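Please find below some notes for a first look at this structure. They are set out as numbered points and can be read beside the model.

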Amino acid sequence: MSTAMRLSLSKTSDVALHQQLAEQLVYLIATGGLADGKQLPSVRALARTLGIHHNTVSKAYQDLIIRGWLTGRRGSRVSVGVALNPPGSEGLDGLINQTIQRARRMGYSLQTLQGRVLDRLFEQAPDHILVVEEEPELCLIIQAEIGSKVGRFVAICSPEQLKKSRELVLGAQVVAPEYASQRLKGYVPEHQRGVMLRFAGADEHVELIRSLADPSMIAMASISPTLLKAARSLLAPVLGQRHTLREFLLSPKEPADLRGMDIALCDSLALPLVRCKRKIHYRLVASSCLDDLAAVFEYVAAGGGQTKNSPFDRRKPRKKFEPTQRAARAAKR
């Protein structure tokens, strides 16, 4: 399916067309619909397909270039993220990274990967998870969702904190959005770059709103300004003039009474805070990503019982490292 076919803009919405387009492109990148390095249609081609002015497309592209989501080069089309290095330029580890990501896109789980991939997963057995994300509120939501699934300590930090304190990765399975993988190169060990953070799609929520028989008041409740902004643009086409969307930016500890709304879409931390006759859980992290992380720690837990040929037996004993307090303090800097 082409990029244009997955974009749906509403000319009657109070959300500007260029903002709808920009946020929907961000959504496609964050959920894996547009891979790193993917070339986008030209400004005029996409404008013709969507039936909008080419300046609108140009403004959306320029906004995303400034924000670091897209790359624009003179004489070539705009592409997603930063340009990927040519295949083989990173040696064996680069090839393995590409293989893991390609296998995931083809529907294979980490459990099915063998040989060198398994060796690398055990190379430095992690005992906790480190989430690297720019917005602190998004970090908290991701932290809660991963922690509830994997059952391990989850530390958080921003890319800048990681660049200033590289020791944060010690003993950690680093998790960062797939679109940010190239930006973290050099700060995250090669063997850590196979498991990337993937966000869940919003298709089921779009279909839910589309199926509503009567005009409705719909709330989007979140502790994250970025999540609210993205949801507003993603839902604009299906809302139209029929439904009304209200956004509620919540504090992580303060309850919110939304009983005047027909439906409340709530992120994982907002869900227990909201009172509404119909609450819908909006999960941020894709279930496949949570399964991959759980698989990593299942491999770690099974390592002690492996045969003499297991990766754990081949590793040299290392001094026990207690990362919890150190990582938590560093993540709060």
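1. Strand E9, residues 263-266, pairs with E11 in the parallel sense, and 3 bridges join the two. Within this pairing Cys-266 stands opposite His-281 of E11, and Ala-264 has Lys-279 of E11 as its bridge partner. The model is a predicted one, and the points below should be read with that in mind.

2. E9 also pairs with E6. These two strands run parallel and are joined by 4 bridges. Across this pairing Met-220 stands opposite Leu-265 in E9.

3. Which way do the residues of E9 point, and are they buried or exposed? Ile-263 and Leu-265 point one way from the strand, while Ala-264 and Cys-266 point the other way. All four are buried. In a regular strand, side chains alternate between the two faces of the sheet.

4. The sheet that holds E9 is open and has 4 strands, in the order E7-E6-E9-E11, with parallel pairing. Strand E7 (244-249) and strand E11 (279-281) each have a single partner strand, so they stand at the edges and one side of each has no neighbour in the sheet. On average, neighbouring strands here are turned by 25° against each other, direction ignored. Helix H8 lies across E6 (217-222), E9 and E11, and runs at about 155° to E11.

5. Another open sheet is formed by 3 strands in the order E4-E3-E5, again with parallel pairing. Which strands stand at its edges, and why is one side of each left without a neighbour? They are E4 (154-157) and E5 (172-175); each has a single partner strand, so one side of each is left without a neighbour in the sheet. From one strand to the next the twist averages 25°.

6. In this 3-strand sheet, E3 (residues 128-132) and E4 pair in the parallel sense over 4 bridges. One of the residues involved is Val-132, whose bridge partner in E4 is Cys-157. Helix H6 (residues 136-150) packs on the sheet and touches E3 and E4, with its direction at about 160° to that of E4. Helix H10 (residues 287-302) also packs on the sheet, touching E3 and E5, and its direction makes about 165° with that of E5.

7. For the chain as a whole, there are 12 helices and 11 strands. Of its 333 residues, 49% count as buried. Among contacts with a separation of 6 or more, 67% are between residues 24 or more positions apart.

8. Ser-10 lies in the segment before H1. Its relative accessibility is 9%, and Ser-10 counts as buried because the limit is under 20%. Ser-10 and Ala-236 are 226 residues apart in sequence, yet their C-alpha atoms are 6.5 Å apart in space. Leaving aside residues up to four places away in sequence, Ser-10 touches Leu-17, Gln-20, Ala-236 and Pro-237.

9. The largest pocket holds about 770 Å³ of space. Its lining has 31 residues, and those nearest its centre are Trp-69, Glu-133, Leu-138, Tyr-179 and Thr-226. Helices H1 (17-30), H7 (159-164) and H9 (225-239) each supply at least two residues of this lining. Which of the elements gives the most to the lining? It is H9, with 6 residues. By class, the lining has 20 nonpolar, 2 polar and 9 charged residues.

10. The second largest pocket holds about 450 Å³ of space. It is lined by 20 residues, of which Arg-6, Gln-24, Tyr-27, Asp-203 and Val-206 are the closest to its centre. H1, H8 (203-210) and H9 are the elements that give two or more residues to this lining. H8 gives the most, with 4 residues. The lining divides into 11 nonpolar, 5 polar and 4 charged residues.

11. Some elements come up in more than one of these points. H8 lies across strands of the 4-strand sheet and also gives residues to the lining of the second largest pocket. H1 and H9 supply residues to the lining of the largest pocket and to that of the second largest pocket.

Note on methods
Residues numbered from 1 in each chain as written. Predicted model: local features only at pLDDT ≥ 70, side-chain atom pairs only at ≥ 80, totals over all residues. Heavy atoms only, no water. 1 Å grid on protein atoms, 1.4 Å probe; cavity = no way out; pocket = protein on both sides within 12 Å on 5 of 7 lines; lining within 4 Å. Points joined across faces, edges and corners; volume = space filled by probe spheres on them. Nonpolar A, V, L, I, M, F, W, Y, C, P; charged D, E, K, R; others polar. Pairing = 2+ DSSP bridges. Axes fitted to C-alpha atoms, helices over the stretch in contact; angles between N-to-C directions. Contact = heavy atoms within 4.5 Å. Buried < 20%, exposed > 50% of the residue type's maximum accessible area, 1.4 Å probe, protein only.
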